[in-house]
Amino acid sequence: MGRFEGKVAVVTGAGAGIGKACALAIAREGGRVVVADIDASAVIACTEQIGAEAGQALALAMDIADAEAVAGLFETAERHFGGVDLLVNNASAMHLTPRDRAIVDLDLAVWDQTMATNLRGTLLCCRQAIPRMIARGGGAIVNMSSCQGLSGDTALTSYAASKAAMNMLSASLATQYGHAQIRCNAVAPGLIMTERLQAKLDERMQWHLRRHQLLPRVGRPEDVAALVAFLLSDDAAFITGQVVRIDGGMLAHVPTYADGGNSRVPRAADDTAEAARC
């Protein structure tokens, strides 16, 4: 038996990338999954893949910034599967990030829309999930944060602020509902090479990001999904209120690491030459 036999999960932003990998990981271990995403064709494709692997899933196209749509999502989960035990809040307004600039240059509409999806949408999902989890004796929630919410940057102001706030939302939820047997943790990915990110990052930017990692490869959606599945499972029964980084060590080192400072392991020749040109 899988770790999620008899469990019902709602995964938002599950049409592609990390969210899809999480939905598949839960279904492969016996969980019944409500696959939610704003992209209708993507949720159908994800649900069909789960069905082809003998899992159980239900597709629902919706926008988590819409309170009525969020209520409908959880009502549908309860009607079709009997309740909700697990929640992965992965949906995020990634389409806004190209316009998410430094503070003085930031369009306030981008700020408002980012917060409406990333933060308020997560809150709405939690508010719908908590009573249903209490009715079933408890549950587990994972909120998808980011390393952007743990360090400053020259842009992505709205995105970073929303993810930092999500970390505290997760701690608050864990504190307020721990006695009701509800656990909540946040996961903070670093460079995870989804199809969307692959299309957006040019090779030079990928190189700059990779040289700050301690591990020699980029992350994959399946890496994050494995961590999320662990945190949702009874294997993590005594873990709550945490922000867990999964970044290949990107935020773990001294600033001089990327330039070869304090390194005991020689860098590859092409890395050294490229660093000299920067």
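Me: Where does Gln-181 lie?
Reply: Gln-181 lies in the loop between H5 and E6; helices (H or I, at least four residues) and strands (E, at least two) are DSSP runs, numbered from the N terminus. This is a predicted model, where local features need pLDDT of at least 70, side-chain atom pairs count only at pLDDT 80 or more, and totals for chains, interfaces and linings use all residues. Residues are numbered from 1 along each chain as its sequence is written, and side-chain values use heavy atoms, leaving out hydrogens and water.
Me: Okay, and is Gln-181 buried or exposed?
Reply: Gln-181 counts as exposed because its relative accessibility is 55%. The cut-offs are under 20% relative accessible area for buried and over 50% for exposed, with partly exposed in between (1.4 Å probe, protein chains only).
Me: What about its phi?
Reply: Gln-181 is not a glycine, yet its phi is positive, about 65°. Most residues other than glycine have a negative phi. Leu-156, in the loop between E5 and H5, also has a positive phi, near 55°.
Me: Switching to strand E6, why is it called largely enclosed?
Reply: Eight of the eight residues of E6 (residues 182-189) are buried, so the rest of the structure largely encloses this strand.
Me: And which strands pair with E6?
Reply: E5 (residues 139-144) pairs with E6 in the parallel sense over six bridges, and E7 (residues 243-246) runs parallel to E6 with four bridges. Pairing takes at least two DSSP bridges between two strands.
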